[in-house]
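Please look over the protein below before reading on.

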Amino acid sequence: MSSLDKDRVEERLATGILGQWYAVAKSVQVKPGKPHAVKALGRNLVLWRDGRGKLNCLEDYCPHRGARLSRGEVNADNISCRYHGVTLDGTGTIVRVPAMPGCALEGRKAVDSYAAIEANDGVFVYFPSAEKPEPCELKLPAEFSDPAWSGILCMGRWACSHRFVYDNFADPMHACYLHADSFTLAFGAKQDVMKVEPRDDGFHIARVQQQDVNLDWTHVVIDGGQVYCRLDIPYPAAAGPGGPFRIIGYTTPVDEQSCLVFFWRFRQVSGIAKESWRFLYRAALEGRHWHVLEQDRAMLTNIPPDAHKREMLYQHDVGVARMRRTLSQQAKQQLAAEDQASARAAV
Ligand code: FES
Ligand SMILES: [Fe+2]
């Protein structure tokens, strides 16, 4: 591969692999009757709900003279620009130019629209690629639809590349060091060996000599139109019902220097136990969890963006290496598909 190709792969990895779904917001952020602006994969987007509450997502750009649609208003199922009132539907088609009825712009598809869905209080948007222009099926984590599990979503924006968050997902060994002063992550041995096992949907990275003591494994899913991690933190009886604290983590590039992070905190509870877990979480555990996340955020946002040029990996980074290799293969694949598509178009 030429150095130009390597640069393209790097750029794609930095801005975000396409042909996949990304979490972009919490459901509650998209309030009925109000546009909500988000930035993801370097693109400004606007989300709003139609009259039935269904989500729409468009490029946040008015085709008239470029104003941000998110500064406008929701009109029944459509969105109207505040500047001169041009109104678009959820497909990005201009449906009305109120200052000049019958204007030739009406009926023109003028901006990109994106597929958006909601699941477990989160909003996911599909970013098409040349090889997968239509949204693929999003195979969400089983916990999202299994009534035996109850999850609570937290979200943040971190000033670092999302690639550092992916590395962090694939690195369970950091827990007993970085989080050693926390409620649940202080236990177990400080030394170990890591092993990676391939799975149909990604890979599993685990400590060899210790299980169910600390954050001892991560399941990284790179499949079903998304990337996420699943991990368990063993919880003491004092932390209420439901066994270990399961985290499902997603990250989304905002741009090359910042990202969104989404963590669903699950426990295996239903009925009364579910209510008591949710209460206990809000009242006592959430602050502790934020403390742990803050340790990750402070660490990752202070790593120099070009650290990969001089890093010295050792055996424990086998998950990080697997993560990077898999994503790099995906980036290469989609760039090759784009090249083929443009070659076909040129003939
Ligand atoms: S810029 Fe949006 S209506 Fe004029
Ligand atoms: Fe961490």
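Four residues of the lining of the second largest cavity come from helix 5, which gives the most to it. The model in view is a predicted one. The space in this second largest cavity is about 90 Å³. Its lining consists of Ser182, Phe183, Thr184, Leu185, Ile233, Tyr235, Phe245, Leu285, Arg288, His289 and Val292. Sorted by class, seven of these residues are nonpolar, three are polar and one is charged.

How many cavities of 30 Å³ or more does the structure hold? There are three. The largest cavity contains about 230 Å³ of space, and 20 residues line it. Nearest its centre lie Asn168, Leu215, Leu231, Phe263 and Asp296. Helix 3, strand 15 (226-233) and helix 5 each give two or more residues to this lining. The lining of the largest cavity has 13 nonpolar, five polar and two charged residues.

Pockets come next. Rolling a probe the size of a water molecule over the atoms shows where empty space is left. The largest pocket holds about 1200 Å³ of space. It has 42 lining residues, and those nearest its centre are Phe164, Asp167, Ile303, Glu311 and Arg324. Which helices supply at least two residues each to this lining? They are helix 1 (3-15), helix 3 (162-169), helix 4 (175-178), helix 5 (271-300) and helix 6 (318-346). By class, 20 of the lining residues of the largest pocket are nonpolar, nine are polar and 13 are charged.

The second largest pocket has about 180 Å³ of space. Its lining is made of 15 residues, with Gly19, Gln20, Lys132, Gly225 and Gln330 closest to its centre. Strand 14 (217-223) and helix 6 are the elements that give two or more residues to it. The largest share, three residues, is from helix 6. In this lining, nine residues are polar, three are nonpolar and three are charged.

Now consider the chain as a whole. Its secondary structure amounts to six helices and 17 strands. Along the principal axes, the C-alpha atoms fill a box of roughly 70 × 55 × 35 Å. A compact globule of 347 residues would have a radius of gyration near 20 Å, and the 22 Å of this chain agrees with that. Of the 347 residues, 50% are buried. Contacts can also be sorted by distance along the sequence: among those between residues at least 6 apart, 57% join residues at least 24 apart.

One sheet can be followed strand by strand. Strands of a sheet pair through backbone hydrogen bonds, either parallel or antiparallel. Here, four strands form an open sheet in the order 5-6-7-8, and the pairing is antiparallel. Why do strand 5 (73-75) and strand 8 (94-96) each have one side without a neighbour in the sheet? Both stand at the edges with a single partner strand, so one side of each is left without a neighbour. Further in, strand 6 (residues 78-80) pairs with strand 7 (residues 87-88) over two bridges, in the antiparallel sense. Ile79 has Leu88, in strand 7, as its bridge partner.

Note on methods: Residues are numbered from 1 along each chain as its sequence is written. Chains are lettered from A and ligands numbered from 1 in the order in which they are written. This is a predicted model: local features need pLDDT of at least 70, side-chain atom pairs count only at pLDDT 80 or more; totals for chains, interfaces and linings use all residues. Side-chain values use heavy atoms; hydrogens and water are left out. On a 1 Å grid over the protein atoms alone, a cavity is a set of points where a 1.4 Å probe fits but cannot get out, and a pocket is an open set with protein on both sides within 12 Å along at least five of seven lines; lining residues have an atom within 4 Å of a point. Grid points are joined across faces, edges and corners, and a volume is the space filled by probe spheres set on the points. Ala, Val, Leu, Ile, Met, Phe, Trp, Tyr, Cys and Pro count as nonpolar, Asp, Glu, Lys and Arg as charged, and the others, Gly among them, as polar. Two strands pair if DSSP finds at least two bridges between them. The radius of gyration is taken over C-alpha atoms; the globule rule is 2.2 Å times the number of residues to the power 0.38. Buried means under 20% relative accessible area, exposed over 50%, partly exposed in between (1.4 Å probe, protein chains only). Contact means heavy atoms within 4.5 Å.
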